[in-house]
Every structure is written in C-alpha cells, then in structure tokens.
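Please open the structure in your viewer and keep the sequence panel beside it. The tour below moves from one selection to the next and says what to look for at each stop.

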Amino acid sequence: MSNARKVPVPHHDLPYPRLEIDRQRAEFADAAVEDRFNRHHLPETTAQLKISLLFCAAFYVAFGATDVATLGPTATAWAMIALRLLVALVAAGGLLAITRRPESVRIAVVAACVVEIVGLAVFMVLCWYQPAATAWNVMSQALILMAIYINIPNRFIHAVWIAAGSSAVFCAMLFVQGHLKMDDLVALVLLLMLGNTLGYIGARRFHLARREEFRSTILLQQLADRDPLTGCYNRRVLQKGLLDAELARARRYGTALSVILGDIDHFKRINDTHGHAAGDHVLSDFGGLLLAMTRETVDSVVRYGGEEFLIVLPETDLAGAHALAERIRHAFGSTGSAVEFGEFVTATASFGIASVPALDPDAPETPAVLMEAADAQLYAAKRGGRNCVRGVSVTADRMRSTA
Ligand SMILES: Nc1nc2c(ncn2[C@@H]2O[C@H](COP(=O)(O)OP(=O)(O)OP(=O)(O)O)[C@@H](O)[C@H]2O)c(=O)[nH]1
C-alpha cells in the first residue's frame, strides 16, 4: 500500500494558480511544480552538465601549463597543478555521481554547486600566487562568470550567489594584494559588475523562458484533456490509458480500485422541458459537484458520454465507493441548478459501481471488464427506480453483487 502512494500518477492536472512563476527566483513558486519541471528536463540538464564538467576538468588541468610558464618549474607551480588536478577530480566525482543517480535532481544541483565553488576557490589561490598574470586572471574570471550563469546548468539563484560572491572575493583579494592602481581596480570592479549584470539578465531570461514554455505545454494539455462544459476530463484521457494505468497499479501493489458510472436521470426531459441551455447548466453543476466531492490529486472524473460521468477511485474498495456515490447522489438530489430566467431545475442521478478488492489475485487485467460491470450496475440502478446506487465487486471469474 505504501509503495503505491510513492508512484506518481501522470495524468492529474496542475491548477493554474500553482503554475505561477516567482520571477525573482526564476522558478515556479510551488516547489512541487518546480520539481516536476526539473524532472521533465532532467535528462537534458544532466547531459549538458556532464559536458560542462568534462570541459571544466580539462581546461583547469590544461591551464597548468601557464603556472609553469609564469613561475617556472618551482614547488609553487607544482602545488598549483596539484590544486588544478583536485578540481578535475571533484568534477570527475560530480560526473560519477550524476551518472550513477541520473534520476536525482538534487545530486545534479549539488554536483554543479560543488564543482563551481571548489573551482572558484582554487582559482582564487592560483590568482594569489600569480600577481604578474592579473590581467589574464581578470579575463578568466569574466569567462568563468559566463560559464556559471549560462553553461553549467544549475538553479538560477545558486548561480547568482556563486558568481556574484566569487566576483566580490576576487575584487577584495586584488585590493588586499595592492598590486593594482586604484583606477585599474575601479575598472576591474566595473568590468565584473558588468559581467554579473549581463550574466544575471541572460540567465534569468533563459530560466523564465523555459518555465513559461513548460507552463504553456501544461495548459495546452489541460485544454486538450478537459471537457469545456463541465471541467471534467474528456474521453481522450481514457483513450490515453488512464484506467489501464490505474488497474495496472492496483494489480501491482494489491490495492483496491473502484469506478463509478453516474448518470443524470431523465435528462432528456430536462432538455425538452427547460431547453438545451438549462440542460447544460445542470450538466455543468453535476460535473462540478463530482469534481468537488472527489480527491483532487488522486481521483479522476471523466465525462464519459452526454450526461454520463465516470469516476475513477484508486485505493478505494466497494464500501468506500458506495459511501461516496451515496453522498453525491444525496447532494445532487437535494440541490438544484439555477438556470436562465430565474428558473430553478432539480434533478437526480443514478450510480453503478464496479470495484476490484485489495489483494485480489484475480483482479481483471483490462478495464473493459470493470466498465462492463459498472455499466450493468448503472442499468440495474435505472431499472430499480433511478436515484439510487448499485455496486458489484469484480474478480476475473466471479461477480458478487453486494448492494
Ligand atoms: N443539454 C445537453 N444535453 C445533452 C448533452 N449531451 C447529451 N445530451 C442529451 O442528453 C439526453 C440523454 O437522454 P437519454 O439517453 O434518453 O437518457 P435520460 O433522458 O437521462 O434517461 P435515463 O438515463 O434513462 O434516466 C439526450 O437528449 C441528449 O441529447 C449536452 O452536452 N447538453
């Protein structure tokens, strides 16, 4: 049972307010949505990070030649090369970690941060011992800023802190060293401020654009999957395998699964008496009620036909589904729909339930059995006088009518 809850169910929508983007942090305001975004892009992010780490390691080691060139083959030069190798080793460690745990967003972020911080710390030490190469090192710092903001995929907020923080340390170090004239130092501070500002603007725009694209994709998907009149899922979602996936989950983890078919009684009469628009109001209210009375991120409500709705209830047995159907039946029958010209229409609905019990080795493999059973129960409810609930427990070789 507990395992089943850990498996993400892919078909549930994200309500629009949860898709808001925190423009300062350049992330989704909702941590769960941000996580979903990161998981969606993880393969691409990891591939880019691997290349970035490889380049980082290679260039750090290659620039060891400049240590020997500026300092000669001294002990200090060899110590610097050892430090460069340390950065390469840390980058290799990051590479190994993300290769071993490609599914972890956190490891990718930690690997990027650790390599950036260790790389910059080593860079500061190298600069400290090479005051003669300050001009080159300033250029290197500017390029490193570009790598941190743009080329090494990381959280925007981390990139800003690491890039801006390292620039501040770099300026402070040159100030303490005192090799530069004040006007050169001011030019250097301005240069790094410019690098950080350009990096900030470019990286922020990039992070925001990717999230805006992700949000548009989700909203388009919601438009494609939802019935515009009621807000419930349309049959496309069933065709995409909603019920197959839930049934497979129930079989895999031994959990119960129920489906309820709900149908408004004598709906044709409502249309004929009050008009099609009034019928639409009643349909919309019924759909809204079903959505409101079911679990937002667990259950699914599908407009199955004209005035027929399917509710899919994972981890719910027959008794639970029956109790829910009764609550809906009562709520719908006791509230009316305000239609045009001040008219008020009341209606009732009938419900047919089919359930797969928990830990049932005979649970059906295809949804067709479940749907046929629910349909038969709905038919029984209609024949039994309407405005009532009928249910059955379904196994591969038998059906026990319990209500
Ligand atoms: N207003 C409106 N009516 C619809 C819509 N879709 C289907 N219908 C109507 O729903 C009615 C369904 O009628 P029937 O299938 O005979 O069922 P019923 O009158 O509800 O009778 P029972 O189900 O046996 O209680 C038909 O008249 C359809 O035209 C819709 O989107 N809006």
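How do the residues of the shell around the ligand divide into nonpolar, polar and charged? They divide into 4 nonpolar, 5 polar and 7 charged, where Ala, Val, Leu, Ile, Met, Phe, Trp, Tyr, Cys and Pro count as nonpolar, Asp, Glu, Lys and Arg as charged, and the others, Gly among them, as polar.

Before you select anything else, keep in mind that this is a predicted model, in which local features need pLDDT of at least 70 and side-chain atom pairs count only at pLDDT 80 or more, while totals for chains, interfaces and linings use all residues. Residues are numbered from 1 along each chain as its sequence is written.

**Stop 1: the whole chain**

Colour the chain by secondary structure, which comes to 14 helices and 10 strands; here helices (H or I, at least four residues) and strands (E, at least two) are DSSP runs, numbered from the N terminus. Of the 403 residues of the chain, 34% count as buried, a word used when 20 or more other C-beta atoms lie within 10 Å of a residue's own, whereas 12 or fewer make it exposed and anything in between partly exposed, with C-beta atoms placed from the backbone. Among the contacts in the chain with a separation of 6 or more, 72% are between residues 24 or more positions apart, and two residues are in contact if their C-beta atoms, placed from the backbone, lie within 7 Å.

**Stop 2: the surroundings of the ligand**

Now select the 16 residues around the ligand, of which Asp265, Phe267, Lys268, Gly279 and Gly306 come nearest; a residue is near a molecule if its C-beta atom, placed from the backbone, lies within 6 Å of it. The elements β3 (257-264), α11 (267-274) and α12 (276-293) each supply at least two residues of this shell, and the largest share, 4 residues, comes from α12.

**Stop 3: where α11 meets α12**

Show α11 and α12 together, and you will see that their axes come within 6 Å and cross at roughly 135°. That makes α11 oblique to α12, because angles under 35 degrees count as roughly parallel, over 145 as roughly antiparallel, 65 to 115 as roughly perpendicular and the rest as oblique. Axes are lines fitted to C-alpha atoms, for helices over the stretch in contact, and angles run from 0 to 180 degrees between N-to-C directions. To find the contact itself, select Phe267, Ile270, Asn271 and His274 in α11, which meet His276, Ala278, Gly279 and Val282 in α12. The residues of this contact divide into 4 nonpolar, 4 polar and no charged.

While you are here, click on Arg269, which lies in helix α11 and counts as exposed, with 11 C-beta neighbours inside 10 Å. Arg269 and Gly279 are 10 residues apart in sequence and 9.2 Å apart in space, C-alpha to C-alpha.

**Stop 4: two loop residues**

Step to His266, whose place is in the loop between β3 and α11, and notice that His266 has a positive phi of about 45° although it is not a glycine. Is His266 buried, exposed or partly exposed? His266 is partly exposed, with 15 other C-beta atoms within 10 Å. Then go to Glu315, in the loop between β5 (308-314) and α13 (318-334), which has a positive phi of about 55° although it is not a glycine. Glu315 counts as buried, with 20 C-beta neighbours inside 10 Å.

**Stop 5: helices α4 and α5**

Next select helix α4 (residues 75-100) and helix α5 (residues 105-129), whose axes come within 9 Å and cross at roughly 175°, and that makes α4 roughly antiparallel to α5. The residues of their contact divide into 18 nonpolar, 3 polar and 1 charged.

Within helix α5, pick Ala111, which is buried, with 27 other C-beta atoms within 10 Å. Leaving aside its neighbours within four places in sequence, Ala111 is in contact with Leu49, Gly94, Ala97 and Ile98. By way of contrast, Thr99 in helix α4 is exposed, with 10 other C-beta atoms within 10 Å.

**Stop 6: an annotation from a record**

Finally, the UniProt annotation "transmembrane region" (unreviewed entry) covers residues 51-71, 77-98, 105-129, 135-152, 159-179 and 185-203; UniProt positions are given in the numbering used here, feature names are shortened, and annotations may be inferred rather than shown by experiment. Select residues 77-98, where the chain is 100% helix and 0% strand and the end C-alpha atoms are 32 Å apart.
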